[in-house]
Amino acid sequence: MSTEPRINDRIRVPEVRLVGPSGEQVGIVPLAKALELAQEYDLDLVEVAATARPPVCKLMDYGKFKYESAMKAREARKNQAHTVIKEMKLRPKIDPHDYDTKKGHVVRFLKQGDKVKITIMFRGREQSRPELGFRLLQRLADDVQDLGFVESSAKQDGRNMIMVLGPHKKKTEAMAEARALADARKAERQGRTPGAESEIDDEHESIEDTEPVEAAEPAEVDQPAEAEQDA
């Protein structure tokens with residue numbers, strides 16, 4: 001079923017409660033009269049309350065109304081914060097370089113305002129030493145304590161050990177900071193370096209003030225005298 005309201009000739013009722021283009025109450029009028037007024041104002045007759053008795057209709061530019069509604073919905077979705085849980089998997093005997101890489105991802109997620117689920121995967125004999133996983137999770141929590149906190153403490157789940165880190169910063173705050181940073185970088189790329197314009201002007205003035213050097217006229221060269229003919 002269509003969720004769009006009925007407009008103009010699609011409205012099938014004998015009379016409507018009409019609202020004018022500026023929101024003024026016109027009153028209950030026959031449908032034909034309402035359509036006539038819509039043509040007179042060069043607007044659409046839009047049914048805004050179909051369940052009312054009689055239905056409420058308004059005179060408006062329906063195309064403009066749909067566009068503005070879509071833009072508002074788009075802006076609302078852009079500003080809406082969705083809580084996302086990222087997952088990072090580690091091994092109990094992880095290499096120091098790999099640990100730094102994984103920690104970097106966790107830091108990025110927390111800065112974005114997302115939660116992070118840390119999973120330690122045990123294999124074989126590693127399952128008999130859960131303290132290795134616990135110490136690794138505790139180390140990671142300490143390394144990122146400025147950005148996040150332990151929302152769910154480490155617990156064993158089969159062959160895995162799981163801990164959840166929550167960000168100190170809310171998702172909306174992180175999104176706002178990211179947008180501000182992006183706008184600042186964009187402005188920096190579009191703008192000139194301070195003082196650059198004045199340096200260009202000074203250089204231009206110095207070039208104009210320099211007097212042109214006249215080219216030296218070529219020296220006259222005496223033509224060799226013609227040899228006297230023997231008498």
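Modeller: Start with a term: two strands count as paired if DSSP finds at least two bridges between them. Strands of a sheet pair through backbone hydrogen bonds, and the pairing may be parallel or antiparallel. The model you see is predicted.

In this model, 4 strands make up an open sheet, in the order β5-β6-β8-β7, with mixed pairing. The strands at the edges are β5 and β7 (148-157), and each of them pairs on one side only. From one strand to the next, the twist averages 20°. At one end of the order, β5 and β6 run parallel and are joined by 6 bridges. Within that part of the sheet, I85 stands opposite K115 in β6.

Now the helices. α3 lies across β5, β6, β7 and β8, and runs at about 170° to β5. α4 also packs on the sheet, where it touches β5, β6, β7 and β8; the direction of α4 makes about 10° with that of β8.

The largest nonpolar core has 20 residues, and the members that touch the most others are L90, V106, I118 and L165. At least two residues of this core come from each of β5 (85-90), α3 (96-111), β6 (115-121), α4 (130-143) and β8 (160-167). The largest contribution is that of α3, which gives 5 residues.

Leaving aside neighbours within four places in sequence, L165 is in contact with V106, L110, K115, V116, I118, A141, V144, F149, V150 and E151. Two of these names, V106 and I118, were listed above with L165 among the members of the core that touch the most others. The model also has a second, separate core of 12 residues, which includes L18, V29, L37 and C57.

Last, the setting of this part in the whole protein. The protein has 6 helices and 8 strands. From the N terminus on, its elements run β-β-α-β-β-α-β-α-β-α-β-β-α-α. Of its 231 residues, 26% count as buried. Among contacts between residues at least 6 apart in sequence, 55% join residues at least 24 apart. The accessible surface of the protein comes to about 17500 Å², and 49% of this belongs to carbon and sulfur atoms.

Notes:
Residues numbered from 1 in each chain as written. Predicted model: local features only at pLDDT ≥ 70, side-chain atom pairs only at ≥ 80, totals over all residues. Heavy atoms only, no water. Core = buried A, V, L, I, M, F, W, Y, C linked by side-chain atoms within 4.5 Å. Buried < 20%, exposed > 50% of the residue type's maximum accessible area, 1.4 Å probe, protein only. Contact = heavy atoms within 4.5 Å. Axes fitted to C-alpha atoms, helices over the stretch in contact; angles between N-to-C directions. Areas by Shrake-Rupley, 256 points an atom, 1.4 Å probe, with all protein chains shown as cover.
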